[in-house]
Amino acid sequence: MIALSGVRRDYSSEVSIGPVDLEIPAGGITALIGPNGAGKSTLLTMIGRLSGMDAGSIRIAGLDVASTKSKDLARVVSILRQENHFVTRLTVRQLVGFGRFPYTQGRITRADEEIISRSIDFLDLGALEGRYLDELSGGQRQRAYVAMVLAQDTEFVLLDEPLNNLDMRHAVQMMRLLRRAAEELGRTIVIVLHDINFAAHYADRICAMKDGAVVEFGTPQEIMTDAVLSRVFDTPVTVVDGPSGPLAVYY
Amino acid sequence: MAEATLLRSAGPLPTALARRRYALVIGVLVVLAIGSGFGLLAWDNPMPFGSDAFWRIAAHRATNVTVMAVVAVAQAIATVSFQTVTGNRIITPSIMGFESLYRVVQTTSVYLLGVAGVVALQGIWSFALQVAVMVGLAVALYGWLLSGRYGNLQVMLLIGIVIGGGLGTVSTFMQRLLTPSEFDVLAARLFGNVSNADPDVLPLAIPLCIAASALLWVRARRLNTMALGADAARSLGLDHRRELMLVLCLVAVLMATSTALVGPMTFLGFLVATLAYQFADSHDHRLIFPVAVLTAFTILAGAYFVMKNVFYAQGMVSILIELVGGGVFLLVILRKGRL
């Protein structure tokens, strides 16, 4: 379980995030949605201890994010940012190998190689594992990053807009893979999504944010209503019954 | 491809081909480094090879070779580590103002004491003081700019450049006020020059260089992870800020040692690091470091050899390095098309 209490971060007297009180239960996929600038990514990076907070506390599986050693947290929670650009040239397999760093400090054993292989196969990257990242398409690269995060073998996985720059087919593929990771590997996945329909279809819980605060938290059925979505996004939204669940129409 | 899937290794050199290639690169570089080092000792040595007198002359020349080895290790390891932790392959640690500080120290002493000022800066204590001031300045800058809420690497680098530029102007101003003869003496000190090195300071320079390099070698695997960027490194459990400060301090020690020993060598580090990435073709610092050090030594010793035996201007290696090295650098980049 991820528990946030009184989490706040101030940027200036007008702009601040929080105070946020939230409990994200273990298991399944929780989607963070909301308009631009609502603080979704910031909240995610605070949970993943990539950015600090000015007040409050975050506990992941009982560990306090601010006081637990980064090294110990790395075995419990992994986080993938939106922008990933390195100067070094790595093959897919080498990148995924970095996921083992919290356990090996860089010395990869045979057991690690097996975990790396499993993670690569899980994301269907077997044929690409010897390729360099700069030789891959955006979608393949995104999958490689997710494979690295899965190789880190953490109970909690935080992903910041992993569908960014993916076309329909790859976006659906990615969400199906995350669904499988949640179900088959028992991971708790928290994901920032922009497309409300993706969130409604693939997530178990939706957390809606607006102006730095959590305004709604519930199952997709509870969130997917005209009133709630129109309020959250400040734009008229109509929810219709689609062939595979509710669809939000906003254009 | 079949080989790669068969082995399935996430190691730095995943295929047998890559391993053979790396071994070949190291082999060639070792031969070149030993060749050029030995060439310096033996070429133009009037005594027959193997005689007592031959070795006496060689031992006399060995000081310069030792200086080159120290500079090669310091510049190569410092530049590679610096580029890794800053995530930028087109800057060198001299951006932090080490060389400007060296110029100011040299210029001030000549300005105040005349030609005697150059002599005043000889000796192990003045060397230790120069290193301490340079490291102190760098560490103060890192500590100030990297801690705190808005700690930011880019801002730190920018301020380093501004301070360097300011110090450079101060020394240029003082140089305008020197007499031509004093300026002539000073100018010789301001070129990166192996003959600048005072053999008396080696007992301090060598341990400093070895200690800082060894610490960076020990942290090589962390450097590999640092190369993924701050967020990824933190997510993988590294204390990024602490690691960054530590590496920058070690880089400062190496750069200060090299600069106080032989003067500015800006281009050498940059050239060597760039070539080493191409030669080693790996992300693992345990593989890049040896290639970089051997390349640096080969270039330094080769340039010194040419300057001494062809142009009779021994020591002024930085001129040749910048000329030929620049050409080689452009060639490699244009052929490979990436840094």
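Predicted model: local features only at pLDDT ≥ 70, side-chain atom pairs only at ≥ 80, totals over all residues.
**Entry 1: helices 3 and 9 of chain B**

I began with helix 3 (residues 52-86) of chain B and helix 9 (residues 202-218) of chain B, whose axes come within 10 Å and cross at roughly 30°. Angles under 35 degrees count as roughly parallel, so I noted helix 3 of chain B as roughly parallel to helix 9 of chain B. I looked up the hand of the crossing of helix 3 of chain B and helix 9 of chain B, and it is left-handed.

Next I listed the residues that make this contact. From helix 3 of chain B I wrote down B:T66, B:V70, B:V73, B:A74, B:I77 and B:S81. From helix 9 of chain B I wrote down B:L202, B:A205, B:I206, B:C209, B:S213 and B:L216. I sorted the contact of helix 3 of chain B with helix 9 of chain B by class and found nine nonpolar, three polar and no charged residues.

**Entry 2: helices 2 and 3 of chain B**

I stayed with helix 3 of chain B and turned to helix 2 (residues 16-42) of chain B, which packs against helix 3 at an angle of about 135° with the axes 8 Å apart. Helix 2 of chain B and helix 3 of chain B are therefore oblique to each other. I recorded the crossing of helix 2 of chain B with helix 3 of chain B as right-handed.

Which residues make the contact? On helix 2 of chain B I found B:G37, B:L40, B:L41 and B:A42, and on helix 3 of chain B I found B:A58, B:R61, B:A62, B:N64 and B:V65. By class, the contact of helix 2 of chain B with helix 3 of chain B has six nonpolar, two polar and one charged residues.

**Entry 3: chain B as a whole**

Along the principal axes, the C-alpha atoms of chain B fill a box of roughly 70 × 60 × 35 Å.

I looked up burial as well, and 44% of the 339 residues in chain B are buried. Among contacts in chain B between residues at least 6 apart in sequence, I found that 76% join residues at least 24 apart.

**Entry 4: where chain B touches chain A**

How many residues of chain B are in contact with chain A? I noted 25 residues of chain B in contact with 33 residues of chain A. On the side of chain B, the elements that give two or more residues are helix 1 (2-7), helix 10 (220-226) and helix 11 (230-235). Helix 11 of chain B gives the largest share of that side, four residues. By class, I counted nine nonpolar, 10 polar and six charged residues on the side of chain B that touches chain A.

B:D239 is partly exposed, with 15 other C-beta atoms within 10 Å. I also looked up B:D239 and B:E182, which are 57 residues apart along the chain, and their C-alpha atoms are separated by 50 Å.

In chain A I looked up A:S244, in the loop between strand 11 (238-242) and strand 12 (245-249). Is A:S244 buried or exposed? I found 9 other C-beta atoms within 10 Å, and 12 or fewer counts as exposed, so A:S244 is exposed. A:S244 and A:V15 are 229 residues apart in sequence and 39 Å apart in space, C-alpha to C-alpha.

Technical notes: Residues numbered from 1 in each chain as written. Chains lettered and ligands numbered in written order. Axes fitted to C-alpha atoms, helices over the stretch in contact; angles between N-to-C directions. Parallel < 35°, antiparallel > 145°, perpendicular 65-115°, else oblique. Left-handed = near helix turned anticlockwise from the far one by under 90°. Contact = placed C-beta atoms within 7 Å. Nonpolar A, V, L, I, M, F, W, Y, C, P; charged D, E, K, R; others polar. Buried ≥ 20, exposed ≤ 12 C-beta atoms within 10 Å, placed from the backbone.
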